[in-house]
Amino acid sequence: MSVLKEKELRVIGFLCNWCSYGGADTAGVGRFAQPTDLRIVRVPCSGRINPLFVLKALLGGADGVLVSGCHPRDCHYAEGNFYARRRLEVLKGFLPVLGIDPRRFEYTWVSASEGQRWQHVVTTFTANIHALGPASFSPEARELQILNAAAR
Amino acid sequence: MQPCGRLGRNLRGSRTAEGVPCHRRPGSAPVFANPQGLSPVRGEANAPAFVRKCKKQCAFKLRNVTKRGECMETVLLNGRDDAFIRAVEESSGQVVARCYQCGNCTAGCPMSFAYDYSVSQVMRLIQAGQKDAVLSSKAVWLCAACNTCSQRCPNEINVAGVMDACRQMARREKKFAVRAMRAFVDAFLDSVKFNGRSHEVGIMALYMLYTGRVWTDVELAPKVLPKGKMPLLPHRIKGRSEVAAIIDRYKQGLSDPERVRARLAKDAGAESGKGKEAVS
Amino acid sequence: MSKATFGYFPGCSGLGTSLEYERSTRAVCRELGLTLWDIPDWNCCGSTPAHTVDPVLSSALSARVFAQGETAGIRDVVTPCPSCLSNLRNALEHMEDELFAARVEALTERPLEAGHSVKSVLQVIVEDIGLDKVKERVRRPLVGLRAVPYYGCLMTRPEKIMRFDDPENPQSLDLLLQALGAEVLPFPLKVDCCGGSLGIPVRESVPRLSGRILELAGELGADVIVVACPLCQMNLDLRQGQIRAKGLDYTVPVPYFTQLMAYAFGLGDEEAAFKLLAEDISPAFSCMQRRAGEIKAEEARVAALAAQKAAAKAGRTGSGQSQAKSAGAAGGEA
Amino acid sequence: MRIGVFICHCGSNIAGTVDCASVASVASTYPDVAYATDIMYACAEPGQDAIIAAIKEHRLTGVVVASCTPRMHEPTFRKTVERAGLNRYMFEMANIREHVSWIGKDMEANTNKASELVRMAVSKLRLNRELKPKSFPVTKRLLVVGGGVAGIQAALDAADAGLEVLMVEKQPTIGGKMAKLDKTFPTVDCSSCILGPRMVDVAQHPNITLYAYSEVESISGYVGNFDVKIRKKAAYVDWSKCTGCGLCTEKCPSKKSYDRFNEGVGPTTAIIIPFPQAIPKKASIEREYCRQFNTGKCGVCAKVCPTGAINYEMQDEFIDAKVGGIVAATGYDLMDWTVYQEYGGGRYPDVVTSLQYERMLSASGPTGGHIKRPSDGEEPKDVVFIQCVGSRDVSIGRPYCSGFCCMYTAKQAILTKDHIPDSHSYVFYMDIRSPGKGYDEFTRRVQEEYQARYIRGRVSMVYPKGKKLIVRGADTLMGTQVEVEADLVVLAVGAEAAKGAPHLAEKLRISYDSYGFFMEGHPKLRPVETNTAGVFLAGACQGLKDIPSSVAQGSAAAAKALALLSRDMLDSDPQIAAVNVNRCVGCRKCIEVCPFKAIQEIDLRGQPKAEVIETVCQGCGLCNATCPQGAIQLSHFTDNQLLAEVEALCRF
């Protein structure tokens, strides 16, 4: 019941409901083919995503986490994505400290009309994660491995 | 089928007899079918069967028609040559399907007056895969490569590149629709091959030799010779043998994409092989 | 290679049909402090015939030119001829693609390092040297000369590769001629094709294409058409007689812009090499002198009028007697 | 908890590449799932009835429907679940169509992904709690931004229905682009004859307050309670005193100012009344050209004005208003065609835009209805119309078709024949697009009856030769290059969103595409709504369209607004933040981060606590992500609920 062996990796997406989730819908309506790895969690705004969610996912065994919100100045709640941008930039810098490869986490801005662009974002991100292969914690991050094993 | 009340008249506007379905006039011939399912031969879609079967170049058959306006052959579209389209697209790096036949290239082309097919018609012929018509057309030879078409194409197609690709393909298949153009290019390259630099007098001599047009631009000689603008002896460079070698290697086909790709793959193979030993 | 020194690629026509362009370019560059290192044993870039046969062949010939430049430590090349510029620039752009570069190397068998660049003389003068420097050196301004700039179709196109000025409405030559003092007429056909290399194999092309350019220039009342390309110059100047035989009823001399610069810089006839042109340029110059005289006279008249009006106004504010003086002066003037 | 899972086939849209039956069987093994099945069309009547029946039969307390995007049918299914007696928030959706079946053909992978998405939905649903919406009062007032034909129609419809309407128009007069037209297609009836009365209605309608020469400064609040700040730009003329007599416009010495209304066809004075039928018919001063402002010395208009309405010290005023709904009807602008240097790039005076030509045709225009060549004022004999200048052109970033140019060019060709009987009109076109009622017959008539010469091919270049303009084009049907010696060239310039539209979109908090057109709720099903509740669209601002469609959308937007504002109270969305006072330490972080100022500090037995103002909170969740204690949770998207979805994925 988990990911298909050798075919898929565990890629989790946090998408803001107004823009990026709509963009993913537009990509679907446009029948733009995408790899099947991504599982999307819908949140009201990218500002709602607590960086700990991303950590929880990565520690819980996700091989890649993608966050996508509205373009700056496009946010339905005016400032949500500004806060998201700052938080996630700090998180991206913090991941190596935790022994997690920063390339496994990416955040971007996709509007509801950019179906084709969403296809490109998903395809490229999934390809990068496949290039990195399944998540494995660097030797020093032993505690994380124990934590991870417990979580499984 | 009950004729629909107010629309008693059928689509052709003539009144329908009672009880006859209104969209078909009484007694009209059945739609033409291709009963025998003969092999699709270019150009003779609606020719009678015996013409299509006869392989010889007999009187009924029209030789490969290049002169536009003399006769309009019916083009059988499933005879479309997809390999030709792919070859043009790969060589020019353009997607011919992007052309929506707006005619902007024809409008801007300075040489349109001399063409048998206008630029946009050449693009249309490529889209329809009509290899013979394109490669035997005068247009691809008369193109002055001035890039007006590529500059103004609303779909950003490098039309000049496509024309180049067609001319290069025509040259490879020995189809020289404009003999003088081929002669001039050969004369020029031969002069460069011989001297390493182009030499006007040499080129004119070779051009007259290849085409027999002995009187070309003779009236210009008095204007340039006295002013020393037409040196009789060529400026031959030391490295001319190297230049000649470049042109010869091209003629031997050393720069063909498949051959070079194979060599690259082989080198890459050798590299990685070498690379692996070095590491372990 | 500091900004002021460039590798120089004269192009084959520089030795023959465009001798005047070659001589005036060297003189003007020397005058502007531009040192030109000739590329040793340079070869022909293949011009239009090579790239109509195969872009790889054309790039191979150009690659050898750059390779020769490398031997003399030359990276930045400058060339007066747009046709050579187009071939050399296309070679550099296309060789960024790995397969294409490999195909070129299969012909030249000489690997080529990266970092080469090629520009036209006009681009260097307008962009690197700058028009104000050109203006400083003008000793004989071309006041009164009605000039029409003609760029030809290769210098600014294709836009993505040549990256010089505006492909449809270039201004650099216009501004340069204005810097020399000439009166530049707006010329709508400045990037129309002159017939290019089809002059010999397709005899009807040049009279029709160049004829249209010459006719419009004549109609606009231009003294000269200023060109920057040997191929265009040959079709417009050398073949002008042939075109007149077909019905063109204008005579317009076609000098290179470097020749006019040499003249404006006050250099000698040897450098300007006007006598090498097919269509004699002297009527254009006499026309220039006449018009310059008229302009000077006009300016003098306007200045006098203004002085008179100012004096009259001063007269009305001051006492009466100054009026008599200015009236007398005005009288003398008239 | 007893959960029911319903996997929708959506005909073949989902069933085509997802094995719905096996997803249903897998779903039945999930914890708390009491009933799982797959149905043909969940959103259709029988589908909804089947769900209601299943809820009753299996005493379900929560429902998961795996079908299309919740953005489309979440409201539908919430109503269904409510009809069955459950709280509408005990419901979750899994998007297995747009995010699964439509983007891949691999049956096995799709089925596996669908089952995982269902498990996510189930795991979230297990933590859902019942939420009751609260209701809040609605301001029964509508703001219409833009006074073109679409805005006028929306305003009149809403006002006629008894709603109070505020109309804000950026230009000194309403009427938009239609007021600039002489005649309209396909009936060639006079534009100001059909629009004029409507404009007068707007001015005289008791329910409509018109703010001309004004712009929307800022918008805050939410559906039903928008606070709008309107900037009334200084016209330097007191409109209460101005009678529109036009004396000032005659005496004004600055005769060389750019006439914006007439598209610069003729010069005009600095103080202007845009056109005779202008509403409001008041003068306004163009500061840029007025000598009083540039040189400090003039004041002719102030001296001449009989009512002393001129006031040079006038400042912009701000008006605050509370409105319940907003209709954006900002229309379009012609794109900057001067990027086409090959058509002269604006250097040749006799190459004009279609709107400039329309002003020449108009009797109230600067040329009094006579077509004159801008260069020498003579009447042209050969007029060339060039279609698709800035439309259907990828190379300048305008790939779309502007929709109405083919039709108005045909009309202009007819008018040219009427105005100058012995003239010849040439039209260079690629494809004639005339889809409306009576449209194609109209374009046939112009070619057959009015002998307009239609040439199929684009124009490569236009250049002057003597007094004529040489148009170098192609005729792809003949397959030849063609040239026309023209006296006048009219460009059917492509259109784009009105200038400043993206700026307004950010104020309205609606999204817009790369050309500035506003993003509609759904291109087919909700064309006049946006994703922001209470904001509606009408006319070309949503996408280029001709007058009949714009008017239709005006009425549609008004209808939508009336539906919204017909109720006195509106249900608030219960998906809002809530504070757990035990955990809140009063650090005020949430108060600082809330964009809507929806959280305030209260004193609870001497300790500072945060408290959410329910009607103002929009449910964005910023506070939830900021609170270090996790004291404030966004209902329906709490931390636990979201992490449950992540858990559902990572555990297996």
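Modeller: Buried area is the accessible area, taken with a 1.4 Å probe, that two parts lose on being put together, summed over both. Please keep in mind that this is a predicted model.

Biologist: What makes the area between chain C and chain B a buried area, and how much is there?

Modeller: Chain C and chain B bury about 5500 Å² between them. That value is called buried because it is accessible area lost when two parts are put together. Of it, 63% lies on carbon and sulfur atoms. On the side of chain C, C:Val53, C:Leu107 and C:Ile200 lose the most area to chain B, together 11% of what that side buries.

Biologist: How many residues of each chain are in contact?

Modeller: In chain C there are 60 such residues, and they touch 58 residues of chain B. A contact requires heavy atoms within 4.5 Å.

Biologist: Why is the pair B:Asp217 and C:Arg203 called a salt bridge?

Modeller: The closest N and O atoms of B:Asp217 and C:Arg203 are 4.0 Å apart. The rule asks for a side-chain nitrogen of Lys or Arg within 4 Å of a carboxyl oxygen of Asp or Glu, so the pair is counted as a salt bridge. Across the interface of chain C and chain B the rule finds 7 salt bridges, and there are also 21 residue pairs in polar contact, both residues being at pLDDT 80 or more. The residues on the side of chain C that touches chain B comprise 31 nonpolar, 13 polar and 16 charged.

Biologist: Let us turn to chain D. How do you know that strand β23 of chain D is largely enclosed?

Modeller: Buried means under 20% relative accessible area. In strand β23 (residues 468-475) of chain D, 7 of the 8 residues are buried, so the strand is largely enclosed by the rest of the structure. For chain D as a whole, buried residues make up 60% of the 652 residues.

Biologist: What makes β22(D) and β23(D) a pair of strands?

Modeller: Two strands pair if at least two bridges are found between them. Strand β22 (residues 459-465) and β23(D) have 6 bridges in the antiparallel sense, so they qualify as a pair. Their hairpin has 2 residues between the strands, and D:Gly466 there takes a positive phi near 65 degrees.

Biologist: Which strand is joined to β23(D) by 7 bridges?

Modeller: Strand β24 (residues 480-486) of chain D is joined to β23(D) by 7 bridges, and the two run antiparallel. In this hairpin, which has 4 residues between the strands, D:Gly479 takes a positive phi near 80 degrees.

How values were computed
Residues are numbered from 1 along each chain as its sequence is written. Chains are lettered from A and ligands numbered from 1 in the order in which they are written. This is a predicted model: local features need pLDDT of at least 70, side-chain atom pairs count only at pLDDT 80 or more; totals for chains, interfaces and linings use all residues. Side-chain values use heavy atoms; hydrogens and water are left out. A polar contact is a pair of N or O atoms within 3.5 Å; within protein, one must be able to donate a hydrogen and the other to accept it, and residues adjacent in sequence count only if both atoms are side-chain atoms. Ala, Val, Leu, Ile, Met, Phe, Trp, Tyr, Cys and Pro count as nonpolar, Asp, Glu, Lys and Arg as charged, and the others, Gly among them, as polar. Buried means under 20% relative accessible area, exposed over 50%, partly exposed in between (1.4 Å probe, protein chains only).
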